[in-house]
Amino acid sequence: MNLITKNTDTAMYITLAYINDGDVVIDATCGNGYDTAALSEAVGERGLVIAFDIQQKAIDNTRALMEKDDRKNVVLVKDSFENMGEVIGNFTGKRPSAIVFNLGYLPYSDRGITTTVKSTMRGVADALELVRPDGIVTVTMYPGHDEGKKERQVLLEAARKLPADRYHVIHSVMLNGGKKSHKSPPEILFITKKYD
């Protein structure tokens, strides 16, 4: 397995290293359910994945995938990830070990419905407070569209300002562009928290 052929696979591989059986994790943007499925497998039957999306189509796609694989450790929430702090308390008293954001728009759907700078910054700020110490927040950014460019710029500026004594931050970029079809391949932001 070549982990650096696809930045999104690299992101999930690193994220899974922070998750143990029985953990609670958040998929902030469940999309078509592939990240949700990987997280579900990682937390095991005793764990819990809380998966958010604002689009009913994404919730339906993810639900169908979870039912196909008979995954019972996933709660789907049709809401913005901006509200994850309020929602997570309804399901568990445990802090998440990982929170995953896959920004942009739902693949093969309406590209006019996309994450925005305002909601993303609020969601990531909340995630950094919610995630437990030694946990990870993983953000996949897509600078190939206008809102994605803005999100990338603002996220990177904010990440540079995070206090080094409390957070580790890595920005992963595929320098030679990856696939020929990707003039602006996805970029990954990994943030781990040392303490509350």
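Helices (H or I, at least four residues) and strands (E, at least two) are DSSP runs, numbered from the N terminus. This is a predicted model, where local features need pLDDT of at least 70 and side-chain atom pairs count only at pLDDT 80 or more, while totals for chains, interfaces and linings use all residues. Residues are numbered from 1 along each chain as its sequence is written, and side-chain values use heavy atoms, with hydrogens and water left out.

**Exercise 1.** Find the loop that holds Asp134 and decide whether Asp134 is buried or exposed.

Solution. 
- Step 1: look between α5 and β5; Asp134 sits in that loop.
- Step 2: check the backbone. Asp134 isn't a glycine, yet its phi is positive, about 70°.
- Step 3: Asp134 has a relative accessible area of 57%, so it is exposed.

**Exercise 2.** Now work through Asp70: which loop is it in, and is it buried or exposed?

Solution. 
- Step 1: Asp70 is in the loop between α3 (56-68) and β3.
- Step 2: Asp70 has a positive phi of about 55°, although it is not a glycine.
- Step 3: its relative accessibility is 52%, so Asp70 counts as exposed.

**Exercise 3.** Work out which strands stand at the edges of the open sheet.

Solution. 
- Step 1: write down the order of the seven strands, β3-β2-β1-β4-β5-β7-β6, with mixed pairing. Two strands pair if DSSP finds at least two bridges between them.
- Step 2: pick out β3 and β6 (167-172), which stand at the edges; each has a single partner strand, so one side of each lacks a neighbour in the sheet.
- Step 3: zoom in on one pair. Strand β1 (residues 24-27) and β4 run in the parallel sense over three bridges, and Asp27 has Val100 of β4 as its bridge partner.

**Exercise 4.** Describe the aromatic pair in the structure.

Solution. 
- Step 1: know the rule. Rings of Phe, Tyr and Trp (its six-membered ring) pair if their centres lie within 6.5 Å; planes under 30 degrees apart count as stacked, over 60 as edge-to-face and the rest as tilted.
- Step 2: the structure holds one such pair. Phe81 and Phe101 are 5.1 Å apart centre to centre with 80° between the planes, which makes the pair edge-to-face.
- Step 3: Phe81 is in the loop between β3 (74-78) and α4 (84-88), and Phe101 is in strand β4 (residues 98-102), 20 residues apart.
- Step 4: Phe81 counts as buried at 5% relative accessibility, and Phe101 is buried at 0%.

How values were computed: Buried means under 20% relative accessible area, exposed over 50%, partly exposed in between (1.4 Å probe, protein chains only).
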